[in-house]
Amino acid sequence: MERFIDLSLSAIMLAGLYATMAYGLGLIYGVLRVVNLAHGGVIMAGAYLGWVLFERWGIDPYLALPLVIVASFGLGILMYRLLVRHLPRGPAGGPASLLLLFGTWLVLRNVAYLLFTGNDQSIRTSYSTASVPFLGTYVSVNRLAVLGVAVILPILLQLLLKKTYTGRAIRAVAQNADSCTLVGVDVERIYALTFGIGTALAGVAGLLSATIFSFNPGFGSGELLKSFVVVVLGGLGSILGVGLAAFILAVVEVFAILVLPSYLTSAVGFVMLVLVLVLRPGGLFGHRVLG
Amino acid sequence: MSAATPALVPLRVAAGFVVGVALLAVAPWILDFTPYSHNLVTLAFLLISGAVAWNWMGGFLGQVSFGHAALFGMGGFVSARLLLSGPVPAPLAWLVGGLVAGVFSLGAHPALRLRGPYFSIATIGLGESVRLIFTYWEDFTGGSSGLSLPIDPDMKHQLYWWGLGLAAIVVGMSWLMRHSTFGLQLLAIKADVDAAGDVGVSATFYQDLVFVLSGAVVGVSGGLYASYFSFIEPNDMFGFDRSIAFVLMTVIGGVGTILGPVLGAIVFVLLRQYLLASYPDLYLGLYGTLLIFIILFEPLGLAGLLGRLARLARSWRAPAAEGGTP
Amino acid sequence: MRSRSTPTPCRSALLATLLLSLVAAAPRAAGAAAPTKVSLGATLPLTGAEARIGGFFKEGYELAVEEANQKGGLTVGGKKLPVTLSILDDTTTQATAVSLADRLVNSDGVDFLLGTYSSHLVEAQSTIGEQNRIPYVNGGGGATKIYKRGFKYLFGTIAPVELLGTTLMSWIDVQQKAGKLPRPAKIALLWENTAHGKDFRKGVSDFAAKSGGAYQISVDESFPLDGKDFSALLGKVKAANVDLFLADAHLPDYITMHRQYVAAGLCHKVVSYGARGSEKGAVDALGQENVNYVVSGVWWSAELGKKPGLAKAFVELFTSKHQGRKPEWFQALAYESARALFTAIEQAGSLDREAVRAKLAALKIPSMLPGGTLEFPASMGQQAQNPFVLQQNLPDRTSPIIFPPDAATGTGIAVNPRCPK
C-alpha cells in the first residue's frame, strides 16, 4: 500500500512536469500547425535564464517566472517574425518547419555553449531538497510547486482563450484562418502572439526543470521527446488533452517499474507514442482544436 | 528529362557516370592520397550512401524520417555479430546486415500511413524505443559497452572501393528511380496520397518498397561503418544525433534531388573535419545557420544553388557570345 | 522543371570527384628526418556531454608538457628535444574522435598519441593507435573491456572501475566485521548503463557473491545516462528496505538523483555514488548538509598531497598555476599518462615507435598514484592496476581519505549519522 502511494505521488509529480513541458508545443501546433522543434532549445534557454537570474541577482526561480515569461515571449515573437513567418503553410510546410526550427535549436545550443560553456549547472534554493511528510511518505516541496504551476497554467491559458478578444481570435484562427482574414482578424499578429505564448510556456518549463535537474547546453532534447509523446497522446492541439496525457504517460512510466527493468521504463512512453499515432492519430481523446 | 519511360539510360549520362566512378576508383593512386585522406573519402562514401537512401524516403516520397539510425544500427550490429561469429566474408556480413535492416524497416509499416509531421514524430518514437531496447539487449549489441571487431588495416584500406561501389550503385538507383514510372508514382504519392490511390497507384506498396530499399542500403552502410571503425556501440549507432545527421546531410545538399545528398554528405564530412578542428566552438551554430538559410532561401539546398549558378553562368555567357564583350 | 534545378548526373559525377579531391587535399605528413621536437597529439571532449572533464584532462596534459619544456625538453638520445602537443576537440563523439586521431597521425604527423576521456571514446579511438602502430597512452578509459582486445600499443594509467566496486566493498566489509553494519547487509545497486557502470556493478556483485552470504543485493537496476526522473527507481529502493545504497553515476545524474533521494526522505547506512561525491560542483548544487558522509572512490585525490612525495609536488605545481584551485583525479591521470610516455621516450632514446612501445610495456616508475608505482602489466592488457582511494565528505567541508589504511588521512564513519535512529 505504501509502495502504491509512493508510486502514485511520483506519477502525479512527474505528470506536472511533463504537462508544463508540453503545453507550449501543443498550443503552437494547435494554432499554427507547426511542430516547434526549437522547443527543446527554448526549454534550455529558460533554464539558463533562471540560473543567471538566481546566481547573479539572487532572484528566486518562482519570483523570476514573470521575467522568464516576458523574455521567452519576446524570443518567440522574434523567432516567428524572423523565421517561422516565411514558411509555407499547410502540409508542404511540415518538413520545412521541422528543419528550420531544428536549425534554430542548434544555434541556440551553440550560443549557450559560448556564453556558459558545457559545464553542468543547477539552481539550488533553500527548499531544493526540502520535503513535507504526506501519508507516511515525503513529498518534495519544489515538486509540489511545479505541480501547482502545471495546474494553474492551463487554467490561465483557458481563461485567456475564452474570455479575452485575443484568446477568441486565437481559437478562431486555429479553426479557420481564412475566414478570420475575411472578418478582419489580423491572422499574422495572432500567429505571432501564439508562437510567443507557446515559447513563453517552454521558457517556464525550462525554468521549472532547472530547479529539479542539473542542465547544460545539450539540455532539452529529452524534454522535447517527452513533450512530443504527451502532445501526441493528448491529440495535437488540445490543451486539456495535454494535461490528461501527461498524467497518463507519467502513470505508465512510473508504474512500469513494477514489471520492467528501470532502464526500459522510458522506452514505454515512446512505444505508446507510436501505438497512439498509428491506432488513434487524433490522440487518446479525439482531435479537438483548443476545445 | 520528362521522358516517363526511357528504354535506355542516355549515353551521355551513363558515360559521365562511369567516368566519374572510374576516376574515383583510381584517385588514391593518381592523387597519392595520404592514409588520412584515403580514410576520410571512404567515410564520405559511406555517408553518401546513407544520405542518398534517406533521400528516397524523405525526398522522393516526402516522408521525413527522424529514425533512420535504427536501420543503420541494425545493419551495423548484425554485420558485426556475423563477423564475430566465425569466418564470414565481410561483404556477405554487410549484405545480410542490410537485408535484416530492410526487413526490420517493415516494422514501421503501420506508421507509413501517417503523413507529414505525424510520420516524423512516429519515427522519432520508433528510433528512440529501438535505441533503448537495443542498448539494453546485452546479448546482441554488447549493451552499452558495444562490440569490438578485430583490427584489420587491409580491410579498412579496401573499404574505399567497397564504399565507392555502394555509393555508385545507390546514386545510380536514385537516377533510375527519378527517371522511371516508379519515380513518377513516388512523386504522385508525395504530392497527394489519396489522389495517387485514386489513379491506381498503390501507395502502401510503393511506400513499403521504398522503405525496405532505403533501410537495406542504410543497413549495408551501417555494416561497412562497423568494419571501418572496428568498434560500435548502440547509443552511438542508434542515437538521435545520427538520425539527425541523415536529415542534415540531405537537406543541406538538396532534398529530393539526385546530387543533393551526395553534396550534403561531402560537405558534412568537410565541415566536421576542418571546421571542427579550427572552430570547435562554432560548428553547431554553423550547421544551424546553414539549415535556416537553406530552408528560407534555397529549399533545394546546395544542388539548387548549383543549378541557379549554372543558369546564371549560361545566361551570362549567351549574351556575351553574341555581343562579343565579356 | 526539375532538369533545370538539378545538374545532370554527368556533371554531378565530375563535381563529386572534384569535391572529394578537396576532402583528400590534406597536407602530407613530413618525412622522418632527424627529429627536432617530440610532437604529441590528442583529442579531448572539449564540447558535448563530457566537456567539463575534457577541460580537466587538457589542464593535466598541458601541465606535463610545460613542465617538460621548462627543463629544456625531453632528453632523446643525448639531445634535448622540445615537446609540442596539439589537442583537437572530439565533441564527445566516437566517429569524430576516431577521424581526428587519424588526422593527427596521418596528416599532422604526430609521433605519439595521448588518450581522450571516457571509456567508449577511448575504445573507439585506440583502434587508430593499433592500426598505425603508434603508442597510445590514456588516463580516461577505465573499462576493462578496452584492454581485453589484445592491443599492443594501448596503455592505460587508469585502473579498472571494477576495482572501485571492490575497494568500496572491502571498506564496507571491514566495517561489517567490526560489527558496525548488519550481517547480512542488503544492498541497492544502481548503475548507469555504460561500460563504466557495468564494471562497477561487476566489482560489487562479484564481491557480494564471494562473501558467503554477508551481502545480499536486493535491488540491481540500471538507468540511462542523463536520466531525469529517478523517483520510481528510488521508490523501488525504498520499498526494498536496504542497508547500503551503492550507485555509480556521472556528475549530472549524481546531482539530480541525490536531490530526489534527499527529498524522498531516504537515508542509508552507507551512501555512495561511485566516483562522485567530493566534487565542489556537487557540494554547491546539493548543499554540504546533504552530501555529508557520502563515500566516493577515486583514482587519485589531492588529499594524497598532504604527505610528502610526488603527489605533493604535483598539487603544488598545479595550484600555483591555477590560482589556488586544487587538481582532481582527472588532471592527475592526464598528467601521469603524459609523464609515463615522456619517461618511455627518454628511456628509448629515440622517437622510434616500436622502441617506445617496448619501454612503455616494461615501464615501472615511482608514481603519485595510490600504490606508489605505475606499470602496465601485460597480463591485464596493459592497464594499470593501482588501488582506489575512498573519501568521505565530512560536515567540516573536508573529504579525507578513509581507505586503504596506508593512504588514509582520516577515519571513516560507517553508519551514516544523518539517518534517524
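Angles under 35 degrees count as roughly parallel, over 145 as roughly antiparallel, 65 to 115 as roughly perpendicular and the rest as oblique. The views below are taken from a predicted model.

**View 1. Helix 2 and helix 9 of chain A pack against each other at an angle of about 125 degrees.** Helix 2 of chain A comprises residues 39-57 and helix 9 of chain A residues 221-233, and their axes lie 8 Å apart. The two helices are therefore oblique to each other. The crossing in which helix 2 of chain A passes helix 9 of chain A is right-handed. On the side of helix 2 of chain A, H39(A), G40(A) and I43(A) make the contact, and helix 9 of chain A contributes S221(A), E223(A), L224(A) and S227(A).

**View 2. Strand 1 and strand 2 of chain A form a hairpin.** Strand 1 of chain A (residues 131-134) and strand 2 of chain A (residues 137-140) pair in the antiparallel sense over four bridges. P133(A) has Y138(A), in strand 2 of chain A, as its bridge partner. Two residues lie between the strands of this hairpin, and L135(A) takes a positive phi near 45 degrees.

**View 3. Chain A and chain B meet through 34 residues of chain A and 34 residues of chain B.** On the side of chain A that touches chain B, helix 4 (93-116), helix 9 and helix 11 (265-279) of chain A each supply at least two residues. Helix 4 of chain A gives the largest share of that side, with 15 residues.

**View 4. Helix 5 of chain B is mostly covered.** The helix runs over residues 116-136 of chain B and has 21 residues. From its first C-alpha to its last, helix 5 of chain B reaches 31 Å, close to the 30 Å expected at 1.5 Å a residue. Of its 21 residues, 19 are buried.

**View 5. Seven strands of chain C form an open sheet with mixed pairing.** The strand order in chain C is 9-8-10-11-12-15-16. Strand 9 (215-223) and strand 16 (401-403) of chain C stand at the edges with a single partner strand each, so one side of each is left without a neighbour in the sheet. On average, and with direction ignored, neighbouring strands of this sheet are turned by 30 degrees against each other. Helix 7 of chain C (residues 195-210) packs on the sheet and touches strand 8, strand 9 and strand 10 (244-248) of chain C. The direction of helix 7 of chain C makes about 165 degrees with that of strand 8 of chain C.

**View 6. Strand 8 and strand 9 of chain C pair in the parallel sense over eight bridges.** Strand 8 of chain C spans residues 185-192 and is mostly covered, with seven of its eight residues buried. K186(C) stands opposite Q216(C) in strand 9 of chain C, and I187(C) has I217(C) of strand 9 of chain C as its bridge partner. The peptide bond from R183(C) to P184(C) is cis, with omega near 0 degrees. P184(C) is placed in the loop between helix 6 (161-177) and strand 8 of chain C.

**View 7. Five strands of chain C form an open sheet with parallel pairing.** The strand order in chain C is 4-1-5-6-7. The bridge partner of L114(C) is V137(C) in strand 6 of chain C.

**View 8. D226(C) and Q382(C) take positive phi values, although neither is a glycine.** For D226(C), phi is near 65 degrees. This residue, D226(C), is found in the loop between strand 9 and helix 8 (231-240) of chain C. Because it has 19 C-beta neighbours inside 10 Å, D226(C) counts as partly exposed. Phi of Q382(C) is about 65 degrees, and Q382(C) lies in the loop between strand 14 (373-375) and strand 15 (389-392) of chain C. Because 22 C-beta neighbours lie inside 10 Å, Q382(C) counts as buried.

**View 9. A cis peptide bond joins F403(C) and P404(C).** Omega of this bond is about 0 degrees. P404(C) is found in the segment after strand 16 of chain C.

Key: Residues are numbered from 1 along each chain as its sequence is written. Chains are lettered from A and ligands numbered from 1 in the order in which they are written. This is a predicted model: local features need pLDDT of at least 70, side-chain atom pairs count only at pLDDT 80 or more; totals for chains, interfaces and linings use all residues. Two strands pair if DSSP finds at least two bridges between them. Axes are lines fitted to C-alpha atoms, for helices over the stretch in contact, and angles run from 0 to 180 degrees between N-to-C directions. Two residues are in contact if their C-beta atoms, placed from the backbone, lie within 7 Å. The expected span of a helix is 1.5 Å times one less than its number of residues. A residue is buried if 20 or more other C-beta atoms lie within 10 Å of its own, exposed if 12 or fewer, and partly exposed in between; C-beta atoms are placed from the backbone. A crossing is left-handed if the near helix is turned anticlockwise from the far one by less than a right angle, and right-handed if clockwise.
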